[in-house]
Amino acid sequence: MYALKSILMLGHPAKADVNYHAKAMLEAFKHHGDAFPEGSDTGKTHAKKKIWTDKEGFKDKGQAAGKAIMALIKVSESGDNKLIKSKFAGVGKSCKSCHDDYRKKGR
Ligand code: HEC
């Protein structure tokens, strides 16, 4: 995520890397989605209880984020910087939307 941001926002020349990093993000995100099995709401976590009480909503947000990442991967090799940036913003929004609802603030 941060690598992508610096490539896009700072106008980094390594545009081919957007595809690579977007794919890496999808891989990382897949694990993210599997990281909350039933009963794992114990111990040190920033996951809110709501993940387990509102499973449907949590799953929806996860799917929305997955789709947003796929959309970014799709345009990542287009060379269309404006389009790539807008898809990247979409991914950021989808991550935040779930974090706002299901992740506790602070560390
Ligand atoms: C479906 C909900 C959801 C979506 C979508 C989501 N996250 Fe998360 N994320 C969480 C929750 C819940 C935590 C808190 C986990 C914990 O502390 O146990 C978290 C924690 C994190 C952390 C903190 C590191 C860690 O392991 O605790 C990072 C970094 C992160 N998410 C990145 C992302 C990025 C990047 C995206 C978008 C591509 C994203 N997340 C999308 C739910 C989500």
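A salt bridge here is a side-chain nitrogen of Lys or Arg within 4 Å of a carboxyl oxygen of Asp or Glu. Keep that in mind for the exercises below. The model is predicted, so local features need pLDDT of at least 70, side-chain atom pairs count only at pLDDT 80 or more, and totals for chains, interfaces and linings use all residues. Residues are numbered from 1 along each chain as its sequence is written, and side-chain values use heavy atoms, with hydrogens and water left out.

**Exercise 1. Getting your bearings**

Work out how many helices and strands the chain has, and what percentage of its residues count as buried.

Solution. Start with the elements: helices (H or I, at least four residues) and strands (E, at least two) are DSSP runs, numbered from the N terminus. The chain has 5 helices and 0 strands, which reads along the sequence as α-α-α-α-α. Next comes burial: buried means under 20% relative accessible area, exposed means over 50%, and partly exposed is in between (1.4 Å probe, protein chains only). Of the 107 residues in the chain, 26% count as buried. Last, look at contacts, meaning heavy atoms within 4.5 Å. Among contacts between residues at least 6 apart in sequence, 64% join residues at least 24 apart.

**Exercise 2. Salt bridges**

Find how many salt bridges the rule gives, and say which residue pairs with D100 and which with D101.

Solution. The count comes to 2 salt bridges. Take D100 to begin with: D100 pairs with K96, and their closest N and O atoms are 2.8 Å apart. Both sit in helix α5, and because they are 4 residues apart, about one helical turn separates them. D100 is partly exposed, as its relative accessible area is 34%.

Now D101: its side chain meets that of K61 in a salt bridge, at 3.2 Å from N to O. This pair links distant parts of the chain, with D101 in helix α5 and K61 in helix α4, 40 residues apart. D101 counts as partly exposed because its relative accessibility is 27%. K61 counts as partly exposed too, at 24%.

**Exercise 3. Two helices side by side**

Describe how helix α4 packs with helix α5: at what angle, and how far apart are the axes?

Solution. Two packed helices are described by the angle between their axes and the distance between the axes. The axes are lines fitted to C-alpha atoms, for helices over the stretch in contact, and angles run from 0 to 180 degrees between N-to-C directions. For α4 (residues 55-75) and α5 (residues 81-102), the angle is about 165° and the axes lie 9 Å apart. So α4 is roughly antiparallel to α5, given that angles under 35 degrees count as roughly parallel, over 145 as roughly antiparallel, 65 to 115 as roughly perpendicular and the rest as oblique.

Then check the handedness: α4 passes α5 in a left-handed crossing. A crossing is left-handed if the near helix is turned anticlockwise from the far one by less than a right angle, and right-handed if clockwise.

Finally, see who touches whom. On the α4 side the contact includes F58, K61 and L72, and on the α5 side it includes F88, V91 and D101. The residues of this contact divide into 14 nonpolar, 4 polar and 3 charged. Here Ala, Val, Leu, Ile, Met, Phe, Trp, Tyr, Cys and Pro count as nonpolar, Asp, Glu, Lys and Arg as charged, and the others, Gly among them, as polar.
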